[in-house]
Amino acid sequence: MLRWLATAAIAGLLLLDLALPSLDIGRRGSEAALRSDVPHAVGRVGERLPDFTLPDLDGTPVRLADLRGHPVLITFERSVDW
Amino acid sequence: MPPVAGGYAPGVSSPSALRPYAWLCGSVGTLMVVAGLLLFVSFIGYHAPNSDPRIPTGPVGFYFVAFSGCALLGWGGSLLATARQPGAGRGIGTATAFALVLSAVYRMLGWVVGDYYAFAGELLRVEAGIFLLLALAFLWLRPARETVTA
């Protein structure tokens with residue numbers, strides 16, 4: 001009896017695993033950036049970024065508007081030093 | 001246990017019936033030992049000068065990678081021992097099935113969370129499916145509760 005219960009539970013998980021892509025749950029990598037319901041999301045692809053100021057590696061503030069006219073590459077990285 | 005005509009009482013696994021279970025334990029155990037060795041060696045490799053680790057994590061991450069390697073070596077070794085004496089290894093089959101289900105569940109959660117999807121993509125779901133199928137195999141191929149230990 002217990003073995004059949006365990007089998008049913010595992011089979012249910014297998015079905016869930018297969019169905020995950022068709023369910024509208026979770027965030028999947030770059031798809032999350034395109035979703036409008038992501039909290040605190042600013043801007044969309046193709047829109048102008050709002051101006052912001054961030055410190056560079058030396059701590060000097062850098063304002064986006066000051067770079068107008070120059071090519072700007074913005075990258076977002078998550079520290080892996082843990 | 002009283003002797004039974006034919007050698008095996010109802011619910012008792014015969015040696016030939018245990019062959020698939022022994023093969024399953026042997027093959028999965030071998031893979032676990034190899035994976036455990038690789039994880040342990042990766043910890044040493046991370047601390048070598050000018051290393052270029054393939055696993056994107058830091059010292060704390062590699063600490064747990066090494067621990068996972070050691071655990072896999074022990075787990076795989078137990079499965080290899082069971083492959084030699086499958087009739088005495090019902091419990092390891094149950095425990096392995098349980099741990100495989102847990103491994104599948106956290107991969108599925110990782111897929112949903114998204115951070116891990118960026119790193120491993122659909123591999124998370126594929127691995128979860130394989131682990132669940134293996135759990136079913138361990139559940140159904142393990143020996144019956146009573147075994148002949150002549």
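A salt bridge is counted here when a side-chain nitrogen of Lys or Arg lies within 4 Å of a carboxyl oxygen of Asp or Glu. By that rule, a search of the whole structure, over all chains, returns three salt bridges. The model is predicted, so local features need pLDDT of at least 70 and side-chain atom pairs count only at pLDDT 80 or more, while totals for chains, interfaces and linings use all residues. Residues are numbered from 1 along each chain as its sequence is written, chains are lettered from A and ligands numbered from 1 in the order in which they are written, and side-chain values use heavy atoms, leaving out hydrogens and water.

Asp51(A) pairs with Arg63(A) in a salt bridge whose closest N and O atoms are 2.7 Å apart. Asp51(A) sits in the loop between helix 2 (30-34) and strand 1 (53-55) of chain A, and Arg63(A) in strand 2 of chain A, so the pair ties together parts that are twelve residues apart in sequence. Helices (H or I, at least four residues) and strands (E, at least two) are DSSP runs, numbered from the N terminus. Asp51(A) has a relative accessible area of 40% and is partly exposed; Arg63(A), with a value of 40%, is also partly exposed. In these terms, buried means under 20% relative accessible area, exposed over 50%, and partly exposed in between (1.4 Å probe, protein chains only).

Strand 2 of chain A (residues 61-63) also holds Val62(A), which is partly exposed at 31% relative accessibility. Together with Leu49(A), Leu67(A), Val72(A), Ile74(A) and Phe76(A), Val62(A) forms a nonpolar surface patch with about 530 Å² of accessible area in total. Patches take residues with over 30% relative accessible area and no salt bridge, joining like charges within 9 Å and nonpolar side chains (Val, Leu, Ile, Met, Phe, Trp, Tyr) within 5 Å. Accessible areas come from the Shrake-Rupley method with a 1.4 Å probe, and for residues only the protein chains shown count as cover.

The axes of helix 3 (residues 90-113) and helix 5 (residues 123-141) of chain B come within 8 Å and cross at roughly 160°. This makes the two helices of chain B roughly antiparallel, a label for angles over 145 degrees, as against roughly parallel under 35, roughly perpendicular from 65 to 115, and oblique for the rest. Arg107(B) and Glu127(B) meet in a salt bridge (2.6 Å, N to O), linking helix 3 to helix 5 of chain B across 20 residues. Arg107(B) is buried, at 14%.

Technical notes
Axes fitted to C-alpha atoms, helices over the stretch in contact; angles between N-to-C directions.
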